[in-house]
Structure formats: structure tokens, C-alpha cells
Protein chains: 2
Amino acid sequence: MPMENHRDLPAGRSSGEKTGKLLLIGGNEDKTGEMEILRAVSAEAGGAAGRIEVITTASSEPEKAWEAYERAFREIGVGYAAPMHIRTRTEAEAPELIERIAESTAVFFSGGDQLRITSILGATPVLKALRHHFFIDKRLVAGTSAGAAALTSTIIYDGESPEALRKGAVMMTGGIALISNAVVDTHFMTRGRIGRLIQVVAGNPRLVGIGLGEDTGVLFTGGRQFKVVGSGLVLVVDGSSIGFTGVFDVEHMETFSVEDVRVHVISSGAGYDIETRTFQPPPAREPAVPARGETPSEDL
Amino acid sequence: MPMENHRDLPAGRSSGEKTGKLLLIGGNEDKTGEMEILRAVSAEAGGAAGRIEVITTASSEPEKAWEAYERAFREIGVGYAAPMHIRTRTEAEAPELIERIAESTAVFFSGGDQLRITSILGATPVLKALRHHFFIDKRLVAGTSAGAAALTSTIIYDGESPEALRKGAVMMTGGIALISNAVVDTHFMTRGRIGRLIQVVAGNPRLVGIGLGEDTGVLFTGGRQFKVVGSGLVLVVDGSSIGFTGVFDVEHMETFSVEDVRVHVISSGAGYDIETRTFQPPPAREPAVPARGETPSEDL
């Protein structure tokens with residue numbers, strides 16, 4: 001039983017919480033420069049003591065996807081990182097992979113097509129091991145692009161702007177279910193995707209829409225609160241205050257009206273609580289300190 | 001004095017209001033099919049009795065722009081339509097044009113670059129005549145794309161997504177000022193422009209952001225309330241409920257956070273009041289009437 005020994009491993013870094021940490025990235029994160037986001041993955045995974053498994057299932061070119069992360073994680077100084085090129089549901093039963101997930105400190109999903117992740121990994125032993133890793137061992141899961149979009153209970157897998165606000169134009173399915181009440185969209189600014197999240201929250205205001213810009217991520221703690229990391233922006237779309245809603249009253253691909261969707265723009269350092277639906281401001285900036293030689297004269 | 005005789009003309013159709021009607025279109029309106037929006041322009045202009053002047057100043061190919069409208073308005077049956085190819089500030093002083101505006105029932109601004117409209121027409125006699133036409137004679141003004149974006153007091157003239165939510169990335173200037181407390185953006189869904197309007201309303205929540213989809217327009221009555229016409233969507237972005245706002249606290253081109261922007265999705269038949277900032281639902285749909293032969297048996 002390959003999963004037996006995971007209980008002997010040191011507990012995850014966020015073991016006081018209900019789940020492990022979850023780092024969702026909007027795609028196209030820096031892999032050659034400062035690598036702020038991949039450094040955050042490494043830090044949360046334990047750095048030189050970390051063991052990161054990279055699941056490339058979303059990608060149609062898994063070897064190429066892995067090479068970029070191999071280089072980046074080596075440069076950052078991650079202790080161990082290895083790929084899991086799972087291409088079929090049968091491969092997702094391999095005891096060796098389940099063993100490796102049990103021993104890992106982080107599992108990272110690379111990008112591609114989220115429907116590959118859900119249709120290949122759904123209801124497999126590898127996914128069961130992943131859920132144990134996250135909910136019982138409380139260890140890190142991270143994902144970028146499709147690898148981030150796939151990880152909530154309900155996910156978007158297709159449906160491009162500008163048609164995204166026509167009824168039924170956003171394709172949704174069941175996801176990996178590490179978080180319940182949110183739907184994540186990625187490449188959010190570059191692809192103008194707010195229509196997709198408005199359609200999602202109009203369909204059911206229980207779901208909080210989280211739109212991740214590129215090279216930008218949200219680090220969830222305990223499955224509930226997140227802080228933004230990276231160079232771009234996150235838009236939160238909250239439908240709980242919707243008044244008039246016309247979506248049930250029109251035909252497929254018709255336009256509809258929706259009154260009062262709340263949007264929060266969140267950049268590095270600020271955050272959000274998806275349970276209380278409250279914006280969390282960034283820490284106050286330090287007052288500017290005059291540079292050397294610029295100290296104002298006390299005479300003035 | 002060419003403007004003398006305008007008072008002898010029949011009053012505009014909305015003379016009980018504070019201004020004429022204003023029809024702002026998101027660009028790319030249908031000019032060859034059903035032409036729902038151009039038919040609305042014609043109807044508001046008086047149809048067969050209407051006189052529409054088309055100002056092509058925004059366009060770098062004014063003759064081409066005019067040809068499409070000439071064909072469309074002729075097909076619809078507008079009584080009179082003619083172009084004003086104003087290319088220089090000097091041309092915008094011509095008494096003949098001022099006379100024609102005084103006699104028109106509608107002035108229509110075609111698309112192109114809104115900065116051409118404001119920089120060429122600002123503070124000219126033609127614009128003075130236009131303001132008289134709208135505010136005193138209470139006659140229709142319409143515009144599409146740049147011709148819609150140019151007509152508020154403060155306007156956006158440049159700054160593309162995805163960078164639009166970085167401080168200072170949205171270029172603004174003074175507009176034609178037919179409406180004061182709104183900023184209009186066009187081609188809104190196709191170009192993913194919500195970031196531009198969020199930056200505008202974060203900069204000053206007094207301004208209501210109106211994002212117009214293509215082949216979609218808003219018909220303002222009295223400079224305050226509008227109804228949506230056309231095949232697409234309008235997004236209203238209201239910053240009056242913004243709590244935390246970080247825009248003044250970051251450097252040029254940095255990202256910032258903004259708490260609680262309200263967004264309304266508005267499609268044909270619904271509307272909005274920019275003064276009270278309230279969504280106006282569409283008329284209730286008629287209950288479905290069974291088609292002939294489908295009448296349910298009274299026995300059931």
C-alpha cells in the first residue's frame with residue numbers, strides 16, 4: 001500500500017488550517033527572471049528540503065512544459081522536483097505515482113487544457129492521493145493556467161469573450177474540488193475574460209469568481225482567505241448582491257441583464273476572504289524616508 | 001447670422017426634457033441587414049422628415065465612412081442625410097455648416113479617432129452650433145465608436161487592455177461635453193476593456209463608466225436615463241461604493257487595489273439612470289402563448 005508511509009512525514013507547513021495551502025496562478029509566470037511566483041511555490045514547499053511533483057497532464061507537450069519548470073526550480077534551489085507525465089486514466093493508477101505524491105511537499109499542475117486534467121484524473125487513485133495530500137496532510141497544491149482553473153469544484157473549460165455574456169456561452173464542468181465556492185479564470189487581463197465570470201456568478205451567486213492575471217497568483221490559506229502575489233492583478237467577481245437577474249428568462253445565446261455585480265481589483269499584498277466575501281487591504285505603506293543628502297533643512 | 005433661423009424650426013421630439021436625446025453606439029453597428037440601431041437614429045431624427053448631418057471628422061477615410069451611412073440611411077428612408085467632412089479647425093468655422101446644423105434634426109458622429117474630434121472641433125463655431133442643437137433646440141445627437149466616446153465631458157482616447165489597470169495607463173482628455181458625469185467606452189466586449197473603465201471610476205467615482213458592446217447603443221433621454229438598444233450588451237461600472245482605494249498610493253504604471261466596484265450588465269430593453277445610479281429592468285416578458293394547435297386540452 002504505497003500511501004501508508006505518508007503519515008510518518010513531517011506535517012505540512014499550514015497544519016493548523018483545515019487544508020493545505022493552495023497557490024493558483026493566472027498563467028505565463030516568470031520562469032527565467034526574478035521568478036517571484038515560482039520562488040513562492042518553492043518557499044511554501046520547503047525550499048531545499050522541498051519535494052515538488054509537477055503534473056503535466058494538461059499539456060499536449062508535457063516534456064517541453066516540464067523542461068521549463070525543471071530549469072526554474074533547479075535555479076531557485078528546490079531540493080527535488082520531478083514530472084508526472086500522466087497521459088491516460090490507467091497511468092493515473094500507478095502505485096509509484098501515489099507513493100511519490102504521499103512523499104511530496106507540493107504538487108504543481110502545469111498549464112494546457114483543464115478538460116484534460118479533469119477527464120483524465122477524475123476519480124483516479126492519483127487524485128485520491130492528491131486530496132489526501134491537501135486535506136489530510138495539509139500540504140501545498142499549486143497550479144498555473146489550466147492547472148489553476150481545474151482545481152475548484154465547478155470550473156470553466158471553454159467559451160471565449162466577446163460572446164461570453166450570452167446565455168450558455170461559457171462551458172463549465174466539474175473540477176478537482178480542492179475549493180468549493182469559487183471559480184477561477186486565468187490569463188484574465190490579456191484575454192478580457194470578465195464576461196465569463198459574470199456569467200458564472202449570475203448563474204449561481206454562491207460561486208465567487210476569481211480572475212487571475214498573468215504572472216499573478218492567489219495564495220489560499222485554509223481554503224478560504226487568499227493574498228495576491230506577483231506582478232499583475234486579480235479581479236474578484238461577487239454576485240451575492242445581484243438584484244434583477246434575467247438569465248433564466250432568455251433563450252440559449254441571447255443576451256440578458258444582471259443588476260449589481262461587485263468587482264474588486266486586487267494587487268500584490270492585498271487579499272480577499274471568499275467565505276465572508278470581504279476585501280482585505282494591503283499592509284499600509286511605510287511613510288517615504290528622504291534619501292541621504294535630501295534630508296530637509298530644519299530651518300525651513 | 002446663419003444660426004438665426006433655427007428657432008423657426010419645429011421643436012425636437014424630446015423638448016420637454018433638459019436636452020435632446022443622445023444615442024451612443026459601441027461601434028460596428030449593422031449597416032446592411034436589419035439595421036436596428038440606424039433605424040432608431042432615423043426614427044428619433046424624424047424619419048422621412050428627418051435631416052441628418054454626418055460628421056466624419058474622426059475618420060482618416062471620411063469619404064468611405066460616409067458612403068456606408070449614405071447607403072444605409074437611403075435604404076431606411078431618411079428624408080435627408082449629408083456628410084460634413086471637417087478636416088481642419090478653420091473648416092469648422094464655415095457658416096454653411098453652422099446653418100446646416102441649425103436646420104438639422106440629428107447630428108451623427110462616425111467612428112475613427114476621438115482625439116481628432118476633440119482636437120479639431122473643440123471650441124469652434126461648429127461645436128457651438130452643436131451644443132445649441134442639443135441643449136437649446138433639444139434635438140438628437142448620435143455617435144458610434146470614437147463618435148460616441150468623444151461626447152462626454154471627460155473621455156478616454158487611448159490605453160489598451162491588458163495594461164489598462166496599471167496606474168496612468170488610460171489616456172484621458174476633455175470631450176464634447178454633452179453629458180457630464182459619465183465616460184463612454186466602445187467595442188467593449190470584443191476588446192476586453194473593463195479595466196479602462198475601472199481605472200476611470202477609481203480615479204474619480206463621480207464618473208459612471210458606460211461600456212458599449214458592438215452593434216449596441218444607449219439612448220439617453222434628458223441627459224440622465226438611458227435604455228439599451230441593439231444586439232449586444234452594455235456594462236455600467238459604478239465606483240460610488242468603492243471602499244479601499246490604492247490608486248493615489250502607487251507609482252506610474254504600478255498595479256493598485258480597489259474595493260467594491262459595482263457592475264451592471266444591461267441588454268436590450270433594460271436601462272440605467274446615471275444620476276440616481278439605478279438599474280432599470282426590462283419590461284416583463286409576456287407569458288408564453290401556446291402556438292396554434294398546441295393549446296393544452298382543458299381536460300388535463
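Contact here means heavy atoms within 4.5 Å. By that rule, 100% of the interface residues of chain A are also interface residues in chain B, so the copies meet through the same surface. The contact takes 35 residues from chain A and 35 residues from chain B.

This is a predicted model, in which local features need pLDDT of at least 70, side-chain atom pairs count only at pLDDT 80 or more, and totals for chains, interfaces and linings use all residues. Residues are numbered from 1 along each chain as written, chains are lettered from A in the order written, and side-chain values use heavy atoms, without hydrogens and water.

**Interface.** Buried area is the accessible area (1.4 Å probe) that two parts lose on being put together, summed over both. Salt bridges pair a side-chain nitrogen of Lys or Arg with a carboxyl oxygen of Asp or Glu within 4 Å. A polar contact is a pair of N or O atoms within 3.5 Å; within protein, one must be able to donate a hydrogen and the other to accept it, and residues adjacent in sequence count only if both atoms are side-chain atoms.

| Between chain A and chain B | Value |
|---|---|
| Buried area | about 2900 Å² |
| Share of buried area from carbon and sulfur atoms | 58% |
| Salt bridges | two salt bridges |
| Polar contacts (both at pLDDT 80 or more) | 16 residue pairs |

β13(A) gives the largest share of the side of chain A that touches chain B, with ten residues. Strands (E, at least two residues) are DSSP runs, numbered from the N terminus.

**Across the strands.** β13(A) and β13 of chain B (residues 258-267) run antiparallel, joined by five bridges. Two strands pair if DSSP finds at least two bridges between them. Val263(A) has Val261(B) as its bridge partner in β13(B).

Methods: Helix = DSSP H or I, 4+ residues; strand = E, 2+ residues; numbered from the N terminus.
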